[in-house]
Amino acid sequence: MSRTVTLVLLDATGRPLGALPPLDVPEPWWQEAASIVDTVRRRHGLEVAVLRLLGADRPAPPGGHVRYLAQTADAPAVPLEPVAVDLAPHPLRLPWAQAGGPDRSVAWAAGELHRLGRRVTAVAQQRTWNLSAIWRLDTDHGPAWLKQLPPFARHEPMLLAFPADQGVGVGDDLPGDTNSLINGPRVLAADGEGRMLLEDVPGQDRYGAGEGERAAIAAGHHLVQRRACVVVGELVAAGVPDLRGAGLADWIRERLAGHDVSAAAALLDGLDRRLRQVGDCGLPDTLVHGDLHPGNVRGDGQRRVVIDWADSFVGHPAFDILRLTEDVDADAAARLVDAWARRWRTDAPGSDPRRAVDLLRPVAPLRLAAVYAMFLAAIEPSEHPYHVHDVPAALARAAATP
């Protein structure tokens, strides 16, 4: 599957110029911008920055014919089609989706790299959507990455820096074949407003990792969570969302207010009682990644680095093992959960980790439904197609999970 893309261009001052002829790009995922930028450069000799989604011929990704707003400082040589585009400001529009936003962010990153003695030799936009904007900056000392976050994810740079200061991160003395799993890439700079500059992490994202590699990821992540147990108060005080105990039920209900939750009504009605039973299982609250699938782990054969902590929170450790095992066969998932439970029974004598997992199994997709609802409430309507079907889909999974 691919995408057909139409770019509506603004000039350097933000004035509309018209639309480029449609072009095809290989990736179907709407937020991927690198191939759009590269194709426009090769076909039309233009340097563009993709700002935001304008619309599509289908209700949700992937694929289809997708329209974006983009900006260029160049004079297009190709005739542009006159189009009407609504450029009115929106209170939920993110900084990188505004005219001039990408240039301001890249200028900040280049300035920080200059301060560190690194000269930028090339800049490539990688992704832009309502959850993040990402650029690769090549320098004379290797690549760095600029990531910009929405307000509801701005605790990520603090969290990436937190382990080095508080002893939560790991880099040695790990059990088994963990290959030195590290709690996130090194933060080179952060502006406190959502921009962070990250050191490059060599290797590949571990999509498709098998049971053995997932076991190593789980073992290394356990040590991170074990060490984080003693600093949950500091994490919450520093801005990490607090989803401990009964507070999780309140958080879920508040974010799902206004959505049709009838599919999961029975689960919601019994949620407080279920979470009390989870508390009785005796496991400590800790740092939860929130989206611990292998694609959020990069490895190069020497070490593994857990990336993308934007969905992290303080809460129950079972949420991460549930995410790590949700797309493997039942026997492999059971073995991974058994190993996870053995580690926690050792660290929390008298606890019942297996029962906690079983109780939280339907709560995991219910929490995700609330996360998607939070996204929808915090982004402008033109970006809703990215998530509009996620809430009912997650609620249906929650209702169907025994």
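User: Which residue in β11 is the bridge partner of A144?

Analyst: E199 is the bridge partner of A144. This is a predicted model, where local features need pLDDT of at least 70, side-chain atom pairs count only at pLDDT 80 or more, and totals for chains, interfaces and linings use all residues. Residues are numbered from 1 along each chain as its sequence is written, and side-chain values use heavy atoms, without hydrogens and water.

User: What makes β8 and β11 a pair?

Analyst: Strands pair if DSSP finds at least two bridges between them. Five bridges join β8 to β11 (residues 195–199). The two therefore count as paired, and they run antiparallel.

User: How do you know that β7 pairs with β8 too?

Analyst: Five bridges again, and again antiparallel; β7 covers residues 133–139. I134 stands opposite K147 of β8. Four residues lie between the strands of this hairpin, and G142 takes a positive phi near 95°.

User: Why is β8 called mostly covered?

Analyst: Buried means under 20% relative accessible area (exposed is over 50%, partly exposed in between; 1.4 Å probe, protein chains only). In β8 (residues 144–148), four of the five residues are buried.

User: What makes T128 buried?

Analyst: Its relative accessible area is 6%. The limit is under 20%, so T128 counts as buried. T128 lies in strand β6 (residues 120–128).

User: Which residues does T128 contact, beyond its neighbours within four places in sequence?

Analyst: Contact means heavy atoms within 4.5 Å. T128 is in contact with Q31, A33, V50, L51, W96, A133 and Y386.

User: How many helices and strands does the chain have?

Analyst: The chain has 13 helices and 16 strands. Both are DSSP runs numbered from the N terminus: helices are H or I, at least four residues, and strands are E, at least two.

User: Why is the chain called as compact as a globular protein of its length?

Analyst: The radius of gyration is 22 Å. It is taken over C-alpha atoms, and the globule rule is 2.2 Å times the number of residues to the power 0.38. For 402 residues the rule gives 21 Å, which is close, so the chain is as compact as a globular protein of that length. Along its principal axes the C-alpha trace spans about 70 × 50 × 40 Å.

User: What share of the chain is buried?

Analyst: Of its 402 residues, 50% count as buried.

User: What share of the contacts between residues at least 6 apart in sequence joins residues at least 24 apart?

Analyst: The share is 69%.
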